[in-house]
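Here is a short report on one protein model, written for someone meeting structures like this for the first time. Have a look at the picture and the sequence, then read on.

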Amino acid sequence: MELDGLILAGGRSARMGGNHKGELIYRKHTFVERILKEFEKEADNIWLSYGTEKKREYPGCRIVMDICPDCGPIGGLHAGLCACRSDGLMAAACDMPLLEIELFRYLHRQMEQKQRETGTFFQGAVPVTNGRMHPLAAIYRKDMKEILEEQIRKENYRMTDALKRADILYADVTDQKEFERMLRNVNTASEYEALVWAEEKREEQRAGWKR
């Protein structure tokens with residue numbers, strides 16, 4: 001199955017003091033740049049969802065705007081699936097700067113393996129940690145857009161309700177520490193400060209090892 005990439009960056013970043021989360025810097029690159037770099041390893045087409053307000057453009061990334069505005073992440077995912085040129089797409093929220101392509105490769109492998117074993121045609125693969133689903137760091141087939149369209153028509157914008165109506169493979173990665181780390185969200189200024197602080201500490205440790 002060939003996959004496009006979709007970076008969801010249409011949030012208002014209200015809890016980040018008005019600073020757009022996709023433009024925050026981590027290891028000298030914006031959050032969007034970091035995810036884009038990972039998607040470039042697998043996807044021929046990469047889409048950047050900005051909701052209703054277009055922001056910064058990135059080379060190698062096509063901007064897609066919401067077809068159904070003011071619906072939250074479900075609107076961005078729907079627009080991305082409508083634009084998708086492959087069998088499906090890898091979706092990533094821009095507030096997850098630690099995401100790496102290995103997570104999506106793992107989900108893809110699990111999706112195809114379970115389909116062979118069970119005969120189920122899964123419409124998506126969603127990682128789970130400690131019972132918590134991460135629908136904005138997942139893989140979705142293109143036909144998932146029909147379910148999202150119906151949810152939006154009913155004015156039900158909860159992704160969890162949409163997933164209940166689809167054949168989704170839930171991949172529990174609780175015991176896989178690297179994947180757990182990748183699924184870390186940065187929603188507030190304090191969470192961003194903690195992320196930067198942790199990186200500074202790692203750099204100090206690396207410098208100490210080199211001495």
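Let's start with Glu155, which counts as exposed at 62% relative accessibility. Here, buried means under 20% relative accessible area, exposed means over 50%, and partly exposed is anything in between (1.4 Å probe, protein chains only). Glu155 sits in the loop between α4 and α5. Helices (H or I, at least four residues) and strands (E, at least two) are DSSP runs, numbered from the N terminus. The phi of Glu155 is near 60 degrees, a positive value in a residue other than glycine.

Arg27 also has a positive phi, of about 55 degrees, although it is not a glycine. You'll find Arg27 in the loop between β2 (25–26) and β3 (29–30). With a relative accessibility of 35%, Arg27 counts as partly exposed.

## What you are looking at

This is a predicted model, in which local features need pLDDT of at least 70 and side-chain atom pairs count only at pLDDT 80 or more, while totals for chains, interfaces and linings use all residues. Residues are numbered from 1 along each chain as its sequence is written, and side-chain values use heavy atoms, with hydrogens and water left out.

## Salt bridges

How many salt bridges does a search of the whole structure find? The count is twelve. A salt bridge here is a side-chain nitrogen of Lys or Arg within 4 Å of a carboxyl oxygen of Asp or Glu. One of them pairs Glu38 with Lys41, with the closest N and O atoms 3.2 Å apart. Glu38 is buried, at 13% relative accessible area, whereas Lys41 is partly exposed at 45%. Another links Glu150 and Lys154, whose closest N and O atoms are 3.3 Å apart. Glu150 is partly exposed, with a relative accessible area of 26%, and Lys154 is exposed, with 56%.

Then there's the pair Asp161 and Lys164, whose side chains meet in a salt bridge (3.7 Å, N to O). Asp161 and Lys164 are three residues apart in helix α5 (residues 159–164), so about one helical turn separates them. An α-helix has 3.6 residues a turn, so residues three or four places apart point the same way. Asp161 counts as buried at 17% relative accessibility, but Lys164 is exposed, at 67% relative accessible area. Elsewhere, salt bridges that share partners tie Glu23, Glu33 and Arg56 into one network.

## Two helices packed together

Two packed helices are described by the angle between their axes and the distance between the axes. Helix α2 (residues 73–83) and helix α4 (residues 144–153) pack at an angle of about 140 degrees, and their axes are 9 Å apart. That angle makes α2 oblique to α4. To read those words: axes are lines fitted to C-alpha atoms, for helices over the stretch in contact, and angles run from 0 to 180 degrees between N-to-C directions. Under 35 degrees counts as roughly parallel, over 145 as roughly antiparallel, 65 to 115 as roughly perpendicular, and the rest as oblique.

Which residues make the contact? From α2 come Ile74, Gly75, Leu77, His78, Leu81 and Cys82, and from α4 come Met144, Lys145, Leu148, Glu149, Gln151 and Ile152. Contact means heavy atoms within 4.5 Å.

## Covered helices

Helix α2 is mostly covered, with nine of its eleven residues buried. Among them are Ile74, Leu77, His78 and Leu81.

Helix α1 (residues 31–39) is largely enclosed by the rest of the structure, because seven of its nine residues are buried. The buried residues of α1 include Phe31, Val32, Ile35 and Glu38.

## A strand residue and a helix residue

Ile168 belongs to strand β10 (residues 168–172). Is Ile168 buried or exposed? At 9% relative accessibility, Ile168 counts as buried. Leaving aside its neighbours within four places in sequence, Ile168 is in contact with Phe122, Gln123, Gly124, Val126, Tyr140 and Leu163. Between Ile168 and Gly76 there are 19 Å in space, C-alpha to C-alpha, and the two are 92 residues apart in sequence.

Lys177 lies in helix α6 (residues 177–182) and counts as exposed, at 61% relative accessibility. Lys177 and Thr129 are 48 residues apart along the chain, and their C-alpha atoms are separated by 9.9 Å.
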